Amino acid sequence: MGFGTVSRGGSSRWPDQRLCTVEMGPPCHTSCLSRRKSSSSPKIKVDLDSSTGIAVMKFQSPPVNSLSLDFLTEFCISLEKLEMDRSCRGVVVTSALPKIFSAGLDIMEMYGKSPERCGEFWKAVQEMWLKLYGSNMVTIAAINGSSPAGGCLMALTCDYRIMAENPRYGIGLNETQLGIVAPFWFKDTMVNTVGHRTTELALELGLLYSAPDALRLAWWTSWCRRTRC
Ligand SMILES: CCCCCCCC/C=C\C=C\CC(=O)SCCNC(=O)CCNC(=O)[C@H](O)C(C)(C)COP(=O)(O)OP(=O)(O)OC[C@H]1O[C@@H](n2cnc3c(N)ncnc32)[C@H](O)[C@@H]1OP(=O)(O)O
């Protein structure tokens with residue numbers, strides 16, 4: 001898989017060349033196996049291959065990997081653990097569920113909750129964004145399913161994106177379609193990736209893009225023809 005370049009850096013863990021390649025094949029012999037570290041929390045599974053320095057973080061929170069307080073907390077803890085592991089240079093975030101990368105913020109967290117709980121939830125959303133955006137690892141979203149709203153934010157916050165090509169999968173900040181306004185820092189994250197004009201149109205109309213359309217608008221430089229990647 002090949003990835004495009006981004007204007008972010010300053011980390012010793014970034015590759016010297018600005019174009020990087022990630023190989024994710026099955027382990028072929030015992031020494032490879034011994035270099036794999038796995039950890040699992042209820043909603044997130046992490047596999048780190050210390051020989052390549054690449055971790056794969058899989059979301060496993062059915063039905064739609066919605067970003068609940070528990071999910072976000074586990075996500076931040078998993079990311080922090082990888083940050084502290086010097087053998088880890090990059091992390092691929094993806095879904096273990098068929099058809100869904102993430103449905104975005106858990107709607108049930110935003111309904112009928114106490115002000116304290118709402119505050120805690122919103123802080124966790126911001127924490128996820130800060131940790132992922134500020135990570136000194138190379139971060140890649142392998143988007144193997146639909147990714148609306150907060151799911152799209154998570155993908156945009158990564159350094160690189162790859163999306164499985166399937167006409168049923170859509171990605172975008174579609175909050176307008178839900179009657180809510182995308183927070184300014186959601187908008188800024190999108191502007192940083194696709195520019196002002198595309199963001200303006202996408203947010204006004206609450207657009208969800210297919211992988212080829214998103215590619216055309218420079219959301220990424222590659223998409224994957226398999227439905228699971
Ligand atoms: C608390 C303080 C907050 C203060 C600040 C608020 C300001 C925030 C402003 C905006 C921020 C917005 C960011 C967001 O992310 S909002 C969430 C937006 N996401 C969505 O609207 C996604 C809606 N879901 C879908 O489009 C589909 O479900 C899809 C992901 C495409 C999957 O479709 P499909 O496979 O057909 O599955 P179903 O639709 O049947 O759904 C299966 C069950 O999952 C439940 N579900 C879906 N999305 C969510 C979600 N986001 N949160 C919680 N639960 C979700 C759905 O209800 C089904 O449940 P059930 O089987 O029990 O009926």
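1. Start with the ligand and G150. In this predicted model, an oxygen atom of the ligand is 2.9 Å from a polar backbone atom of G150. On its own, the ligand has 1,200 Å² of accessible area, and the protein covers 58% of this.

2. Two further backbone contacts deserve a look. A polar backbone atom of L105 is 2.8 Å from an oxygen atom of the ligand. A polar backbone atom of A103 is 2.8 Å from a nitrogen atom of the ligand.

3. Now the shell. The ligand is surrounded by 23 residues. The closest are A103, L105, I107, A149 and G150. By type, the shell divides into 17 nonpolar, three polar and three charged residues.

4. Which helix gives the largest share of the shell? It is α3, with three residues. Both α3 (115–133) and α4 (149–157) supply at least two residues each.

5. Next, the sheet. Three strands form an open sheet, in the order β5-β7-β9, and the pairing is parallel. β5 (99–100) and β9 (171–172) stand at the edges. Each has a single partner strand, so one side of each is left without a neighbour in the sheet. Strands of a sheet pair through backbone hydrogen bonds.

6. Two bridges join β5 to β7 (residues 145–148), and the two strands run parallel. I100 stands opposite S146 in β7.

7. Finally, follow α4 from the ligand to the sheet. This helix supplies at least two residues of the shell around the ligand. α4 also lies across β7 and β9, running at about 95° to β7.

Notes. Residues numbered from 1 in each chain as written. Predicted model: local features only at pLDDT ≥ 70, side-chain atom pairs only at ≥ 80, totals over all residues. Heavy atoms only, no water. Near = heavy atom within 4 Å. Polar contact = N/O pair within 3.5 Å; in protein donor to acceptor, adjacent residues only side chain to side chain. Areas by Shrake-Rupley, 256 points an atom, 1.4 Å probe, with all protein chains shown as cover. Helix = DSSP H or I, 4+ residues; strand = E, 2+ residues; numbered from the N terminus. Nonpolar A, V, L, I, M, F, W, Y, C, P; charged D, E, K, R; others polar. Pairing = 2+ DSSP bridges. Contact = heavy atoms within 4.5 Å. Axes fitted to C-alpha atoms, helices over the stretch in contact; angles between N-to-C directions.
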